[in-house]
Every structure is written in structure tokens, then in C-alpha cells.
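Hello,

Here is the structure for you to look through. Please open it first, then read my notes below.

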Amino acid sequence: MLVVMEQNATQEQIDAVTSLIRERGYTPRPIPGGERVSIGILNNEGAVDPNPFLALPGVKQAIPVTRPYKQVSREFRKESSVIRVGDVSIGPGSLTMMAGPCAIESKEQALTIAGHVRAAGAHIFRGGAYKPRTSPYSFQGLGKEGLVILAEVRRQTGMPVVTEVMETETFDLVEEYADIIQIGTRNMQNFSLLRRAGRAKKPILLKRGMAATIDEWLMAAEYIFSEGNDQVILCERGVRTFVNHSRNTLDLSAVPVVRKESHLPIIIDPSHAAGLRDQVIPLARAAVAVGAHGLMVEVHHEPERALSDGAQSLYPEQFDRLQRQISAFYEILCRNGTMGHSM
Ligand code: PEP
Ligand code: MN
């Protein structure tokens, strides 16, 4: 349940509500933003009786929360969240481009690709130091050395960096180096990792599990919120279907659904959805049209030599084309008001 206070409610009246919530054995969670204060009620099993709250002075409404996820739902927080990383914003009002190789392979490789994507207009550099590979014999990433290279990319280009964390043991290290910490599709329901992410001081990019429903995905985000971290960006990266013309099937419908159900920003990764570079640019255009707040795209200057995901990595000139196409496209959508609503 959400207790909505009157616009002119006093601090004393707000405190009385939070005390009553605690008295009943629940946890109060004040919701920031907006003109009035709202206080969410957490840790209740079953419905909460609204009447004792409605009887308190300064209380305007008590709204039941109907979804299983609470803090990430739009019922809980009406205003869309905007995540800020340095000068970059992710959320309504911007189209944030994250680009880079699948894996950091060497300093030279990372800096070369970073130079290209930066010049093309990317805002955030991506690259894995710890790689979740299907085969234990495939390249597993450079580990800490990869993180050090990412820090060098940030120093030389000014771009914030996003990189994946795979297990709780290396979380501290990844958190030290990354500007945004990615949780990959295979770990979307790794609950100990999600809880640790909830205690992180950095934003989390939570990819959708390849066979997860949107409810399961939002519940995974709720785990992160439940430990205190409300800096979460969702990333749709394709789901497993019966098709063999692509690696996964990009679920574009996830964007309007998530934007309706949740206040969190949602970006699209067309690279892992497609698995093949020919499909990446058309899917990226579709992602912008459907209202994604950004894109994450794999780019490699020598994809035929890439140690992972070469087939889906764009050549730098293709990324350049993608960037030009979608910026022009996004501008048109903004100009005619399609992107003009607060969501
Ligand atoms: C990645 O972004 O490098 C990655 C492994 O993606 P996913 O978890 O979506 O497969
Ligand atoms: Mn990849």
C-alpha cells in the first residue's frame, strides 16, 4: 500500500504515519519526488487495512499496490526515474548510446574501439572483463586486467564505462572500476548477486533473463531495490524462441509494457538479440521507435578476429551509420511530440 500525504502535510504528520507503519510490523519507504510525500509500505503479508492510516491527519489517500513488485512499480513511484552517471543521463529526455566490444581483449583493442565509438557519438563505453561463456574452453575475459584497461579508456576518453559482474566474489573489484555494473541475462535470477548489487553504490544495468517474463524481471529489479539501491536500468536483450534466423528474438513489446508498469529506464541491446550484425541496425531503429531510453551495441574494429561475439559486432563505420540514422530518427520523434510525454 502507498500512503499519499496532503501537499501541505507537516513533518510531524509524516512521522506519525511512518511510526504507525512500524508499529504494525511493516517497513516504511518514503518515495522521493513529486509535489507531495508518499510513503510505501513494505514487508506486509497480505492486504494492509487502510483505515487506521486514513484516520491520521495529513493523509490524503491510501492506495493499494496491486503488483507483486512494489518499489520498482509505477504504482509506487509515478515519475520516471532518471539515472545519472557523470554528465550522462539515462531515462526520459535522452537516447543514451552504450557501445564497445563484447570483451576487453587488450589495451590497444579497447582504446581503438573507444576512439571510434566516441567520435561517432557514443556516451558510455561497454566491454566485458569477466565473460559468461557457454563453453569453459572459450575466452573467459581478462579479469582484473580488463578492468584496469576500462579505467584507462575512461581516463583517455572521458566516457563512463559499463562492465559485467558475474559473481559476488569479484563484486567489490568490479564496483571499484565500473561506472555502471552489468548483471547479465544468465544471472538475472542469481539472488545473492542481486542482493549484493542492492548494496552497491553504483547503478546496475539489469539484463532480462533469456527466458524470463517481465514480472520475473521486475521482481529481480525489486531485489536490488529491497537492499537500498534504486539506481537500476533495465536492458532487453532478446528472449529464447524456436527461430534459427537469429540468436534470440528481440521482444520489442517489453518496452511499452515496462514503461507502463515501472518507473525504471529501459534500454535495448540489439546485438545479443540478433547475434548477426546485419540485423543490428534495423533492430536499433525499431528500439528507438518503440521508446527505448537507449541502446547497447557491440562494436569491433576487427570482428573476424574478436575473441567473442564477432559475428554480431558492428564495424566502426556501421556504428557510425547507426548513430547518424538513429539520432536523426530520434530528433524527428522528439519534434513531433512522440517522445514528449513524461514517461
Ligand atoms: C554482454 O553484454 O556482454 C552479455 C554477455 O550479454 P547477455 O548477458 O545479454 O548475454
Ligand atoms: Mn557479447
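**The manganese site**

Four protein donors hold the manganese ion (ligand 2): Cys102 (SG), His272 (NE2), Glu298 (OE) and Asp309 (OD), at 2.0 to 2.4 Å. Donors are N, O and S atoms within 2.8 Å of the metal (3.2 Å for Na, K and Ca); water is not among the atoms, so sites may look incomplete. Along the chain, the donors follow the spacing C-x169-H-x25-E-x10-D. Cys102 sits in the loop between β7 (96-100) and α3 (107-120), and Asp309 in the loop between β14 (294-298) and α11 (316-335), so this pair ties together parts 207 residues apart in sequence. Helices (H or I, at least four residues) and strands (E, at least two) are DSSP runs, numbered from the N terminus.

This is a predicted model: local features need pLDDT of at least 70, side-chain atom pairs need 80 or more, and totals for chains, interfaces and linings use all residues. Residues are numbered from 1 along each chain as written, chains are lettered from A and ligands numbered from 1 in written order, and side-chain values use heavy atoms, without hydrogens or water.

**Ligand 1**

Which residues surround ligand 1? Among them are Arg126, Lys131, Thr185, Lys207, His272 and Glu298 (a heavy atom within 4 Å). Polar side-chain atoms of Lys131 and Lys207 each lie 2.8 Å from an oxygen atom of ligand 1. A polar backbone atom of Thr185 is 2.9 Å from an oxygen atom of ligand 1. The protein covers 97% of the 290 Å² of accessible area that ligand 1 has on its own (Shrake-Rupley method, 1.4 Å probe).

Best wishes

Terms used:
A polar contact is a pair of N or O atoms within 3.5 Å; within protein, one must be able to donate a hydrogen and the other to accept it, and residues adjacent in sequence count only if both atoms are side-chain atoms.
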